[in-house]
Amino acid sequence: MRFQSGRKPSGKSLAARLDGLARLPIRAATARLVVVDAGFAPRGDEGSTPSPTARELLDLDPGWLAAESAGGRRVDPLAIAADAPWWPALPATGPEAEALGTLWRRSVAAALACRSLAREREDPDPDGLARAGMLHALGLWAIAAVDPSWLVRWLAEPDREPRSRLEAELGGDPRDWGRRLAERWGCEPLAVDAAWLHGEDDVHLLGAARDAGRLALVREAVARAEATPWALDAPRAGEASEPSQRVLIARVQAKCGSAFVAEDATAFEERAAREVARLRSRLAEAARTNASQGRLIAALADSAPDETPENWSLRAGLVWCGEPEVTAARVVWRGSGEAVEEDRAPASASREATWSIPLESAGEEVGEIQLWLDDDLETLHRRLAPARLVDAWRAWAASVADRRRLEGRSAAAFEGARRASRTERSRLQEAKLDALAEFAAGAGHELNNPLAVIVGRAQLLAAQIDDPDAAKALEIVMAQARRAHRILRDLMFVARPSEPRPRAFRPAEALRSTLAEFQDECDDRGVRLIAEFEDPDAVAWLDPDVPRHVVSELVRNALQAVGGPDGGSIRIHSTLRDDELRIRVADSGKGVARAEAAHLFDPFFCGRQAGRGLGLGLSRVARIVDRAGGSIDWDSTPGRGSVFQVRVPCRRPPEEPTAKTA
């Protein structure tokens, strides 16, 4: 098959025009489909995947596949349609249209053969292999784009020598131009290798290929395409009669029934279609920006006024992962001793973030939003910058950080006030006890001697008189004098208790003897006194006066609480465990009212009526337990009784030294 053309190129040399070629033109049919079909939208949106029918038409356009190969895994169909020039209109019966049709059908045959081989050999990327098959003659397509008449003359010369003279006009082999342009346009590595290593005379160069195995499939597919009626070299007799070749020829004829170049395409239509593509692309970009703003507004509406940085991190990570360009997002807060993050894809752990957005508060960096993208970062910058979405996120983060900082300062201030209050209460308590000690010392010095004289004289008079009434009166005098002495003793103990004198003893025995003193009074009042001792033979190393005084005062306090005609119960339980003596005293009395609870262990406070005591009992218990290094807890329900639990540490009795043997 021979081609002739009378059109001659003018102006710049063919090599110069090839060197200035920015991209391959696309077919008018392809551009019309993309512009009219509403299913095409910018990359990342749900509508960016064309329908199977549209995909078949796109796969028949070498200019379109070259743009996709250069655009990476994600491409913007509208951007290609807006930027790519069209093939100029040609008469359907002219030599240039016929030459382009031959090159087109041969390239389609190679692409279809690549896809068949991909299925047979289970290639992981059949689409990429088919693109390489379509673009294997990229150099010839580029020459046809700048001077289709050259392609006509080249195809008209079946012999190698005349073709070499024509190729001399290019300053290089068409396959070398295919490699050079494919690399300049950023095409896939397999497409670059296929553009210059697909010929049979390039076998010795296969070692230069980046994927020799897949390139071998492309070479095999090109060989099958050369066995069709659209071979670029002399057809091989007999090969087209094979069944597989007949199927391949039929498929090419079915897909390439129309002309490669449209007859009715005009420059006006091309400009209008490209402008429509640009407008639709801008509209889609605006819709995506509006969706980003909507996600931010929804996140603000769903957040609580007191949202914590931890919750904010989760919310921000989820919202950012809603951006089409973002595959993973993580928010990291700094300065709080912890990192709070939301990671939506495991890929982020294996590589650095594509974009880190610093978060600041009061001029200090408090964290950052880390984003991983499978797209061009500049594209995301251009889309988000006009809407100032990043500034909005930073302002929101600053508000969250400021609130956390203020909450921390408020908590510190409250805690400082509580500590100061506790310290002041302790200081006042110590001052109160010091004053009490001074008073008790003076009172003891001034009153103990007169009390001793009163008791002594009363005893002397009682021994000398026989009148029962007078003797009873003297007993009352002596009892009240002794009571006054005990009050002074208690005052001295509360103010300045004596140092504990630990020794080995059995707590159960000490508590039994103490409770025995209250048995008669309990019986008289109808109160059940119940004692429970775990491990009664256990020995503790402790001052025996500690459990005695504690139980004595707590039982006396309980008796006052359960007093009345109905009686009640007092239950004492003690155990010696883990080098700790635990005493529990529970009663079924009237309980402690809220007004009394705040002053329960204050000296001189008594919730009972006047004349029933000075209110030193529970204060003595608190001082005894504190001096012994223990603790006291209590719980009370008005009308249902009270429970006091005392814990006093004690050591094991020291082992007696063993006698040395002679």
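A crossing of two helices is called left-handed if the near helix is turned anticlockwise from the far one by less than a right angle, and right-handed if clockwise. I began with helices, taken as DSSP runs (H or I, at least four residues) numbered from the N terminus, and I noted that α6 passes α14 in a right-handed crossing.

Before going on, I wrote down that this is a predicted model, in which local features need pLDDT of at least 70 and side-chain atom pairs count only at pLDDT 80 or more, while totals for chains, interfaces and linings use all residues. Residues are numbered from 1 along each chain as its sequence is written, and side-chain values use heavy atoms, with hydrogens and water left out.

**Helices α6 and α14.** I looked up the axes, which are lines fitted to C-alpha atoms over the stretch in contact, with angles from 0 to 180 degrees between N-to-C directions; those of α6 and α14 come within 10 Å and cross at roughly 125°. That makes α6 oblique to α14, since angles under 35 degrees count as roughly parallel, over 145 as roughly antiparallel, 65 to 115 as roughly perpendicular and the rest as oblique. For contacts (heavy atoms within 4.5 Å), I found that residues of α6, including R105, L112 and R119, meet L248, R251, V252 and K255 of α14.

**Aromatic pairs.** I counted rings of Phe, Tyr and Trp (its six-membered ring) as paired if their centres lie within 6.5 Å, with planes under 30 degrees apart as stacked, over 60 as edge-to-face and the rest as tilted; the structure holds 11 such pairs. W104 and F260 form a tilted one, at 5.2 Å centre to centre and 55° between the planes. Because W104 lies in α6 and F260 in the loop between α14 and α15, this pair ties together parts that are 156 residues apart in sequence. I checked burial (buried is under 20% relative accessible area, exposed over 50%, partly exposed in between, with a 1.4 Å probe and protein chains only): W104 is buried at 0%, and F260 is buried at 5%.

I then turned to W312 and W396, an edge-to-face pair at 5.7 Å centre to centre and 85° between the planes. W312 belongs to helix α16 and W396 to helix α18, 84 residues apart, and both are buried. I also found W312 and W396 in one aromatic cluster with W320, W333 and W393.

**Residue S292.** I placed S292 in helix α15, where S292 is buried with a relative accessible area of 3%. Leaving aside neighbours within four places in sequence, I listed E323, R383, L384 and L389 as its contacts.

Notes. Helices (H or I, at least four residues) and strands (E, at least two) are DSSP runs, numbered from the N terminus.
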